[in-house]
Amino acid sequence: MKLLEEYIRTYGEVPNDDVLKVDAFLNHQIDTRLMMQLAEDFKEHFKDQKITKIVTIETSGIAPCVFLGYLLHVPVVYMKKNPSKIMTDDCYHTNIHSFTKDRDYEIVISKKYISSEDNVLFIDDFMANGEACLGAIRVLKEAQATICGIGIVIEKAFQSGRKQVQALGYDVYAQARIASLKNGTIVFVE
Ligand code: 5GP
């Protein structure tokens, strides 16, 4: 998506060779017009799928998903990280390793909001080594939901996420694909 690439070029920060910061429009401040454009693009890409629910992981996946859910007239469910004591519902859960925080955390989703009837589009803000996506797939499979697509806003294609997820037979659609962040320079996949 050319518009997203322009945003990344203009506002993206590269603190080291592995990490891209996009706090200016996605991970801290949210550019609502861009979120709608991302949602339109996901809608177009997944137009042949009969999506009943969009699933993401809190926090940064939520913004584009809400716009997409609105466009598709379907609910958005976000998996909660490290749930608090007030999360008393019966849940599906798994542990995943955080790339940015370098520690494990738990994600949970209430059995009330996911079932074998669901045809799920899973969306996340970033894909690095695929841990978050693979964790979400484990949980969705346990719920016997069908996964009809995986959409990522920014894929760091120099990390192993796509390969791991594709090895399970899922296709990954990424709106921007980064080939390298070496020496502070953002290079996109051609
Ligand atoms: P993965 O689980 O694929 O290894 O990493 C993806 C998750 O880690 C995303 O949900 C995102 O929150 C975070 N993440 C990974 N790499 C980056 C990055 O370069 N920048 C930001 N802002 N988040 C990232």
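Student: Which polar backbone atom is 3.1 Å from an oxygen atom of the ligand?

Tutor: One belonging to Glu131. That's a polar contact, meaning a pair of N or O atoms within 3.5 Å. Keep in mind that this is a predicted model, where local features need pLDDT of at least 70, side-chain atom pairs count only at pLDDT 80 or more, and totals for chains, interfaces and linings use all residues. Residues are numbered from 1 along each chain as its sequence is written, and side-chain values use heavy atoms, with hydrogens and water left out.

Student: OK, and what do the side chains of Asn27 and Asp125 do?

Tutor: Asn27 puts a polar side-chain atom 2.9 Å from a ligand nitrogen. In Asp125, a side-chain N or O atom is 3.2 Å from a ligand oxygen. Overall, the protein covers 88% of the 500 Å² of accessible area that the ligand has on its own (Shrake-Rupley, 1.4 Å probe).

Student: How many residues surround the ligand?

Tutor: 16, counting any with a heavy atom within 4 Å. Leu20, Ala128, Gly130, Ala132 and Lys156 are the closest.

Student: Which element gives the largest share of that shell?

Tutor: Strand 7, with 4 residues. Strand 2 (19-21) and helix 5 (131-142) each supply at least two; strands and helices here are DSSP runs (E, at least two residues; H or I, at least four).

Student: Switching topic: how many salt bridges are there?

Tutor: 8, taking a Lys or Arg side-chain nitrogen within 4 Å of an Asp or Glu carboxyl oxygen. One of them joins Glu5 and Lys2, with the closest N and O atoms 3.5 Å apart.

Student: Where do those two sit?

Tutor: Both Glu5 and Lys2 are in helix 1 (residues 2-11), 3 residues apart, about one turn of the helix.

Definitions and conventions:
A polar contact is a pair of N or O atoms within 3.5 Å; within protein, one must be able to donate a hydrogen and the other to accept it, and residues adjacent in sequence count only if both atoms are side-chain atoms.
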